[in-house]
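Colleague: Could you take me through this model before I plan my reading of it?

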Amino acid sequence: MQLYHHPYSLDSQKVRLALEEKGIDYTSYHVNPLSGKNMDSKFFQMNPSGKLPVFQNGSHIIFETLEIIRESLNCVSGEAIAANTVNVTKWMEKIESWNPKMFTLSHIPERYRLFVSKFVRRVVIARMAESPDLASVYHAKLRGAYETEEKLKDQEIIRLSEEKLLGLLDEAETQLRETTYLAGEEFTLVDVMFIPILSRLSLLNLEDEYITELYMKDLKDNTRIAWAYSLFLVFSLERE
């Protein structure tokens with residue numbers, strides 16, 4: 001099984017932590033979007049969206065985060081996600097429903113964001129010239145880059161993204177007042193998927209504004225959460 005990922009990709013972080021938590025062997029391939037590696041024709045043929053992560057098991061290719069986690073567990077042992085499957089699945093879907101893209105980009109200084117955006121567009125145009133057979137998917141990627149810039153000018157879109165995040169964090173805090181972990185009294189993949197969200201806020205220097213004191217206390221006091229968070233920090237230090 002192969003996993004194509006990058007340490008700064010939040011979805012990549014979720015998948016890698018899940019695989020490590022379950023002790024699943026896989027071959028790791030770094031694909032750095034900051035250098036345009038996810039735009040290479042070979043990668044685009046595998047995943048026309050150019051998004052990370054991508055999971056490959058033989059000829060079977062998946063690039064949806066929850067599907068990757070489910071498929072990897074099933075491939076190895078046929079294991080269900082957890083004993084309390086309904087509650088775990090509900091929480092995993094809830095976490096995955098928040099797309100961090102607009103929130104993240106809106107908190108990056110504009111000059112850096114625009115520099116990367118222009119670089120991405122130049123790479124897409126260059127790859128399009130090199131691989132005319134993939135022109136339609138490269139056009140879609142280029143159009144998406146322009147659409148993202150337009151969306152970032154719409155404060156309502158940014159507000160809705162933040163509102164959804166706040167709702168998720170509030171619900172998590174409420175749950176942690178009742179149970180040890182997000183899905184009950186056992187550490188599950190729900191907690192694994194939630195940790196990268198907390199780290200994204202920390203990376204953006206927003207932890208004091210958004211991360212609850214209750215969850216940070218659990219992070220320090222609970223060895224299971226602390227282990228997963230420490231492993232995540234190791235992943236974040238990796239480079240291509």
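Colleague: How many bridges join strand β3 to β4?

Modeller: This is a predicted model, in which local features need pLDDT of at least 70, side-chain atom pairs count only at pLDDT 80 or more, and totals for chains, interfaces and linings use all residues. Residues are numbered from 1 along each chain as its sequence is written, and side-chain values use heavy atoms, with hydrogens and water left out. Strands are DSSP runs of E with at least two residues, helices runs of H or I with at least four, both numbered from the N terminus, and two strands pair if DSSP finds at least two bridges between them. Strand β3 (residues 54–57) runs antiparallel to β4, and the bridges that join them number three.

Colleague: Which strands stand at the edges of the sheet?

Modeller: The open sheet has four strands in the order β2-β1-β3-β4, with mixed pairing. One side of each edge strand is left without a neighbour in the sheet, because each has a single partner strand, and these are β2 (27–30) and β4 (60–62).

Colleague: Is T104 buried or exposed?

Modeller: T104 has its place in helix α5 (residues 101–106), and leaving aside neighbours within four places in sequence, T104 is in contact (heavy atoms within 4.5 Å) with R200 and L204. Buried means under 20% relative accessible area, exposed over 50% and partly exposed in between, with a 1.4 Å probe and protein chains only. At a relative accessible area of 10%, T104 is buried.
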